[in-house]
Amino acid sequence: MNDAAQWAPARRGESPAEGVAEIESAAEKRLSPNGSGHMIWHVWGRGVPLVLLHGGFGSWLHWIRNIPFLAARFTVFAATMPGFGESDDAPEPHTPETIASIVSAGIDHVLPPAQRFHMLGFSFGGMVGGLVAALQGDRLLSHTFSGSGGMALTRNPVEPLKNWRLAKTEPDRMAAHRRNLEILMFADREKVDDLAVYIQNWNTRRGRLRTYKFRHLDILGEPLPKVKGRLMGLYGSRDAIIRGHLHERERYLRAVQPDAVFREIAGAGHWACYEAAEAFNTTYMDMVQGIGGLKG
């Protein structure tokens, strides 16, 4: 496996497609069963395993600015969940519980037997990860929610998103994606770069699973008390969806585990792991320090 830590996005003169291809070429691809098809995993690095679960209408690309840092400290297993990206569709019913069962079985398939691991989930991936965490029992070291729902807590109304499917030209479609990133994913519109727009375009055109219908429900209330590993939250302080209500997420997690760790990334939006990647990476390492033998 090549060293992903040597790769950095947006090198001078490099297109987003070239940057994505470069880091993907450093990965080992693994497959796990998904109904009659497969779920795809990208794997980099060496060390304690870290499972990354992307957000709705996403793929492993949601973590592109985190992988080089994390792969220098973990063996990173970046999932592309069923119904997203190049992974095959999940069998019916398309529920978080169905997706979680496939992801959990996938972890058993691609990780070394009985190997303990950390897990980090963005948005929808955090919610699915909470279900997976309960299924994995003593094997889980920690699960961190980032920008995640599934807790039936307060959500802010947001400006309606642009319908990129109605765009008649490529520039119009990319402009719609850029605007949607400004509305929903970023706190600082100046940080919406060409790579982010490229990823949004690639992901949304391949996203078949509709996740929005689950975000208002309390998906996690029953499974979280069964989780054996440490529960943690790492949210952007200016997340458009929950700005002003982060304390509710912290209180929710600490009602389950009084010692749950909760941190905010100052000034970052929903996609904090991209918008404020450096702060996100170092804060995450501080949070997991000492869990499972990690020393930061």
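Contact in these legends means heavy atoms within 4.5 Å, and the structure shown in every view is a predicted model.

**View 1. Helix H3, which spans residues 96-110, and helix H4, which spans residues 124-136, have axes that come within 8 Å and cross at roughly 55°. The crossing of H3 and H4 is right-handed. An open sheet of eight strands shows mixed pairing.** The strands of this sheet follow the order E1-E2-E4-E3-E5-E6-E7-E8. Strand E1 (28-34) and strand E8 (261-265) stand at the edges and have a single partner strand each, so one side of each is left without a neighbour in the sheet. Averaged over the sheet and with direction ignored, neighbouring strands are turned by 20° against each other.

**View 2. Strands E7 and E8 pair in the parallel sense.** Strand E7, residues 230-236, is joined to E8 over five bridges. Among the residues that take part, Met232 has Val261 in E8 as its bridge partner, and Tyr235 is partnered in E8 by Glu264.

**View 3. Helices H5 and H6 are roughly perpendicular to each other.** The axes of helix H5 (residues 170-185) and helix H6 (residues 194-204) come within 9 Å, and they cross at roughly 105°. From H5 the contact draws on Glu170, Arg173, Met174, His177, Arg178, Leu181 and Met185, whereas H6 contributes Asp194, Ala196, Val197, Tyr198, Gln200, Asn201 and Thr204. The residues of this contact between H5 and H6 divide into six nonpolar, four polar and four charged.

**View 4. Helix H1 also packs against H6, with axes that cross at roughly 75°.** Helix H1 comprises residues 16-25, and its axis and that of H6 come within 9 Å. H1 and H6 are therefore roughly perpendicular to each other. The contact is formed by Pro16, Ala17 and Val20 of H1 together with Asp194, Leu195 and Tyr198 of H6. By class, the contact of H1 with H6 has five nonpolar residues, no polar residues and one charged residue. Asp194 and Tyr198 of H6 are also named in the contact with H5.

**View 5. A cis peptide bond joins Glu92 and Pro93.** The omega angle of this bond between Glu92 and Pro93 is about 0°. Pro93 is placed in the loop between strand E4 (74-80) and H3.

**View 6. Phe57 and Ala114 have positive phi values in loops.** Phi of Phe57 is near 50°, which is a positive value in a residue other than glycine, and the place of Phe57 is in the loop between strand E3 (48-53) and helix H2 (67-71). For Ala114, likewise a residue other than glycine, phi is positive and near 65°. The loop that holds Ala114 runs between H3 and strand E5 (117-122).

Definitions and conventions:
Residues are numbered from 1 along each chain as its sequence is written. This is a predicted model: local features need pLDDT of at least 70, side-chain atom pairs count only at pLDDT 80 or more; totals for chains, interfaces and linings use all residues. Side-chain values use heavy atoms; hydrogens and water are left out. Axes are lines fitted to C-alpha atoms, for helices over the stretch in contact, and angles run from 0 to 180 degrees between N-to-C directions. Helices (H or I, at least four residues) and strands (E, at least two) are DSSP runs, numbered from the N terminus. A crossing is left-handed if the near helix is turned anticlockwise from the far one by less than a right angle, and right-handed if clockwise. Two strands pair if DSSP finds at least two bridges between them. Angles under 35 degrees count as roughly parallel, over 145 as roughly antiparallel, 65 to 115 as roughly perpendicular and the rest as oblique. Ala, Val, Leu, Ile, Met, Phe, Trp, Tyr, Cys and Pro count as nonpolar, Asp, Glu, Lys and Arg as charged, and the others, Gly among them, as polar.
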